Amino acid sequence: MTPRLASPPLRSRSVLAVAVAGHAIEWYEFAIYGIVAAYIAAAIFPTDDLTVSLFATWTAYAVAFAFRPLGGIVIAHVADRAGRGRALFLSVLLMSVATTLMAIVPGWEMTGLLAPVAFSALRALQGFAVGGEMSSAVCFTLERTPEAERPKAASMLAAGTFAASLAGSVVASLLIATITDEQMASWGWRALFASAAPLGLIALALRARAIEPVSERTGTASPVRAVLRDHRRAVARFAGVVASYNIALSCAFGGYLNEMLLVGFSRGDAVRVNTATYAVLVIAILAFCRLSARVGRRTTLMIGLVAIAVGFVALMVAVRTGTLLGAMLGGAVMAVPIGIIATPVYLALVDTFPREVRATAGGLGFNIAAAIGSVVPALALGLRALLGTEHGLGLILACALAVSLLIVRRATVGEPEHA
């Protein structure tokens with residue numbers, strides 16, 4: 001165990017800018033992928049059945065999350081050994097390359113099976129890169145923030161990520177409204193992925209400034225070994241709580257978008273609902289950022305988890321009204337409780353683990369949960385195709401919420417333990 005090391009003298013605004021920069025690419029692309037899933041399905045995974053094509057598209061989406069734990073271990077190891085700044089630069093470099101190349105992958109008509117293979121491989125590279133992003137960015141930001149200001153900083157980081165998703169959704173909405181559906185299917189969806197390239201250049205420039213001097217390495221010989229030896233239970237508890245956060249996000253966006261398409265909403269209306277939901281989520285995160293400081297993080301998590309269950313019921317009722325206003329209200333009701341738990345989830349990563357292994361332990365737990373959440377849209381579609389049930393999302397979310405509530409009630413998760 002080594003003594004605490006001094007952090008680079010960056011101003012608070014600069015710290016947030018460095019952290020949000022890479023997050024922006026991740027969640028900008030996340031929003032785009034969900035919005036253009038139907039176009040990707042037609043171009044890369046074409047079949048005669050929309051459900052099957054969407055299933056293949058969301059399976060490729062899940063591939064990235066399957067590689068997140070591996071990337072989290074490797075890049076978070078860099079964060080704990082060589083400094084948060086080096087890990088952040090590496091993750092955004094790999095993310096930028098993968099996202100940009102996704103814009104030029106040839107379609108099925110040109111290369112056949114090579115198209116989904118290449119697309120999935122790029123998703124895997126992107127997932128590997130993203131694996132170390134969240135924990136490194138959270139550690140970088142909150143370790144440089146006084147305890148009393150951490151809830152605000154955590155909420156700004158979380159809100160910033162979804163603001164990037166909102167931006168991606170707005171850009172996609174404008175493009176869909178501007179060009180024809182045929183043009184969107186031909187090149188429009190590719191242009192959206194290519195639009196992430198400038199964000200990548202900005203993020204690289206910002207993060208190059210945050211690379212710590214060699215003298216500021218932590219000196220921890222093997223963070224992974226230390227985590228597996230001493231923090232297995234804490235990682236499992238953290239993952240169990242964060243799973244509901246990730247699954248709820250998948251239900252509110254990817255899963256909800258699929259439901260809207262399958263009940264007859266147009267692609268344009270589905271995109272508009274996603275855009276409105278992202279906007280409400282950003283507002284909710286900022287509005288409830290101080291709640292955990294007032295009532296406690298455990299209480300906040302329990303309130304949010306119960307509210308997510310209520311919000312999901314409203315979501316499913318709303319989508320079956322068949323009206324655009326009803327669908328938007330459903331998305332808003334689901335977004336608010338997710339916004340309630342976002343800040344304590346980010347704070348829990350820092351509070352649950354000691355600094356020397358924090359990026360590795362927090363990244364492992366969060367990425368396991370994210371990998372589980374990523375398969376939700378595909379799994380729900382699979383249950384619909386195989387069993388004919390329309391309640392796949394609800395069953396998956398109910399199981400996750402039950403596990404998370406049990407952990408929050410019986411274990412210390414999210415309360416400050418480490419500085």
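Colleague: Does Val 345 count as buried or exposed, and at what relative accessibility?

Modeller: First, a word on the source: this is a predicted model, in which local features need pLDDT of at least 70 and side-chain atom pairs count only at pLDDT 80 or more, while totals for chains, interfaces and linings use all residues. Residues are numbered from 1 along each chain as its sequence is written, and side-chain values use heavy atoms, with hydrogens and water left out. As to the general idea, buried means under 20% relative accessible area, exposed over 50%, and partly exposed in between, with a 1.4 Å probe and protein chains only. Val 345 has 2% relative accessibility and therefore counts as buried.

Colleague: In which helix is Val 345 placed, and which residues does Val 345 touch?

Modeller: Helices are DSSP runs of H or I with at least four residues, strands are runs of E with at least two, and both are numbered from the N terminus. Val 345 belongs to helix H17, residues 324-352. Contact means heavy atoms within 4.5 Å. Not counting residues up to four places away in sequence, Val 345 touches Phe 238, Val 242, Tyr 245, Leu 301 and Phe 366. Tyr 245 is 100 residues from Val 345 along the chain, yet their C-alpha atoms are separated by 8.0 Å.

Colleague: What can be said of Ile 340 in helix H17?

Modeller: Ile 340 of helix H17 has 7% relative accessibility, so Ile 340 counts as buried. Neighbours within four places in sequence aside, its contacts are Phe 288, Leu 291, Thr 300 and Gly 304. Between Ile 340 and Leu 281 there are 59 residues in sequence and 9.1 Å in space, C-alpha to C-alpha.

Colleague: Which class does Arg 294 fall into, buried or exposed?

Modeller: Arg 294, in helix H15 (residues 291-295), counts as exposed because its relative accessibility is 68%. Its C-alpha lies 40 Å from that of Pro 198, at a sequence separation of 96 residues.

Colleague: How does one read the angle between two helices, and what is the angle between H4 and H18?

Modeller: Axes are lines fitted to C-alpha atoms, for helices over the stretch in contact, and angles run from 0 to 180 degrees between N-to-C directions. Angles under 35 degrees count as roughly parallel, over 145 as roughly antiparallel, 65 to 115 as roughly perpendicular and the rest as oblique. Helix H4 (residues 68-82) and helix H18 (residues 358-374) have axes that come within 8 Å and cross at roughly 165 degrees. H4 is therefore roughly antiparallel to H18.

Colleague: Which residues make the contact of H4 with H18?

Modeller: On H4 they include Gly 72, Ile 73, Ala 76 and His 77, and on H18 they include Leu 364, Phe 366, Asn 367 and Ile 368. For classes, Ala, Val, Leu, Ile, Met, Phe, Trp, Tyr, Cys and Pro count as nonpolar, Asp, Glu, Lys and Arg as charged, and the others, Gly among them, as polar. The contact of H4 with H18 comprises 9 nonpolar, 4 polar and 3 charged residues.

Colleague: What span should H4 have, and how far apart are its end C-alpha atoms?

Modeller: The expected span of a helix is 1.5 Å times one less than its number of residues. H4 has 15 residues and should span 21 Å, which agrees with the 20 Å between its end C-alpha atoms. H18 is mostly covered, with 15 of its 17 residues buried.

Colleague: At what angle do H2 and H10 pack?

Modeller: Helix H2 (residues 37-44) and helix H10 (residues 181-194) pack at about 105 degrees, their axes being 10 Å apart. H2 is therefore roughly perpendicular to H10. Tyr 39, Ile 40, Ala 43 and Ile 44 of H2 meet residues of H10 that include Met 184, Trp 189 and Phe 193.

Colleague: At what angle do the axes of H16 and H20 cross?

Modeller: The axes of helix H16 (residues 297-319) and helix H20 (residues 392-410) come within 10 Å and cross at roughly 170 degrees. H16 is therefore roughly antiparallel to H20.
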